[in-house]
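Open the structure in a viewer and keep the sequence beside it. This tour says what to select at each stop and what is there.

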Amino acid sequence: MNSYAWTIAEAKEDLDKELVNKAVKMAKRSVELNANFANIDTYACILNKAGQIEEAKIQAAKSIELAPEDQKKDLWSLQFMSK
């Protein structure tokens, strides 16, 4: 679920809103099943793509907090929160 959602989140082109919303649900479910910094990062990214900016910020902050120091630099969330 997380991989699918990440693929949608990374897409550069405009995607169908229904597809993005499906990816949001999949990312959320992935977090519900096994919350970790990586899938929360994906969830934050796809929320942002879906236009849910405030919730994306909340999830991005969680991802950064949970990530090991040596992996924070690679997080989408860190770049997003630095803007």
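The model is predicted.

**Stop 1: helices α1 and α2**

Select residues 2-10, which form helix α1, together with residues 17-33, which form helix α2. The two pack at an angle of about 140 degrees, and their axes are 8 Å apart. That angle makes α1 oblique to α2. The limit that decides this is 145 degrees, because angles over 145 count as roughly antiparallel. The crossing of α1 and α2 is left-handed.

Now show the side chains where the helices meet. On the α1 side, pick Asn2, Tyr4, Ala5 and Ile8. They meet Leu19, Val20, Lys22, Ala23, Met26, Ala27 and Ser30 in α2.

**Stop 2: Asn2**

Stay in helix α1 and select Asn2, which is found there. Asn2 counts as partly exposed, at 23% relative accessibility. Leaving out residues up to four places away in sequence, Asn2 touches Ser30, Ala38, Asn39 and Thr42.

Asn2 and Asp70 are separated by 68 residues in sequence, and their C-alpha atoms are 21 Å apart in space.

**Stop 3: helices α2 and α3**

How do α2 and α3 run relative to each other, roughly parallel or roughly antiparallel? Their axes cross at roughly 155 degrees and come within 9 Å. The two helices are therefore roughly antiparallel to each other. In this pair, α2 passes α3 in a left-handed crossing. From α2, the contact uses Val20, Ala23, Val24, Ala27, Lys28, Ser30 and Val31. From α3, it uses Asn39, Ile40, Thr42, Tyr43, Ile46, Leu47 and Lys49. Val20, Ala23, Ala27 and Ser30 are also among the α2 residues that meet α1.

**Stop 4: Asp41**

Asp41 is buried, yet has no salt bridge. Which side chain of opposite charge is nearest to Asp41? That side chain is Lys83, and it is 11 Å away. Show the surroundings next: not counting residues up to four places away in sequence, Asp41 touches Trp6, Ser63, Leu75, Trp76 and Ser77.

**Stop 5**

Select residues 53-66, helix α4, and pick out Ile53. Ile53 is partly exposed, with a relative accessible area of 33%. Setting aside its neighbours within four places in sequence, Ile53 is in contact with Asn48 and Phe80.

Then move along helix α4 to Gln59. Is Gln59 buried or exposed? With 6% relative accessibility, Gln59 counts as buried, because buried means under 20% relative accessible area. Beyond its neighbours within four places in sequence, Gln59 is in contact with Ile40, Tyr43, Ala44 and Leu47.

**Stop 5: charged pairs**

Side chains of opposite charge can pair when their charged atoms come close.

- Arg29 counts as partly exposed, at 39% relative accessibility.
- Glu54 and Lys57: here the closest N and O atoms are 3.7 Å apart. The two residues are 3 residues apart in helix α4, so about one helical turn separates them. Lys57 is partly exposed, with a relative accessible area of 36%, while Glu54 is exposed, with 54%.
- Glu69 and Lys72: their side chains meet in a salt bridge of 3.0 Å, N to O. Both are in helix α5, residues 69-72, where 3 residues, or about one helical turn, lie between the two positions. Lys72 counts as buried at 16% relative accessibility, whereas Glu69 counts as exposed at 63%.

Lys72 is buried and has a salt bridge with Glu69. Asp41 is buried and has no salt bridge.

Notes: Residues numbered from 1 in each chain as written. Predicted model: local features only at pLDDT ≥ 70, side-chain atom pairs only at ≥ 80, totals over all residues. Heavy atoms only, no water. Buried < 20%, exposed > 50% of the residue type's maximum accessible area, 1.4 Å probe, protein only. Lys, Arg positive; Asp, Glu negative; His and termini not counted. Salt bridge = Lys/Arg side-chain N within 4 Å of Asp/Glu carboxyl O. Contact = heavy atoms within 4.5 Å. Axes fitted to C-alpha atoms, helices over the stretch in contact; angles between N-to-C directions. Helix = DSSP H or I, 4+ residues; strand = E, 2+ residues; numbered from the N terminus. Parallel < 35°, antiparallel > 145°, perpendicular 65-115°, else oblique. Left-handed = near helix turned anticlockwise from the far one by under 90°.
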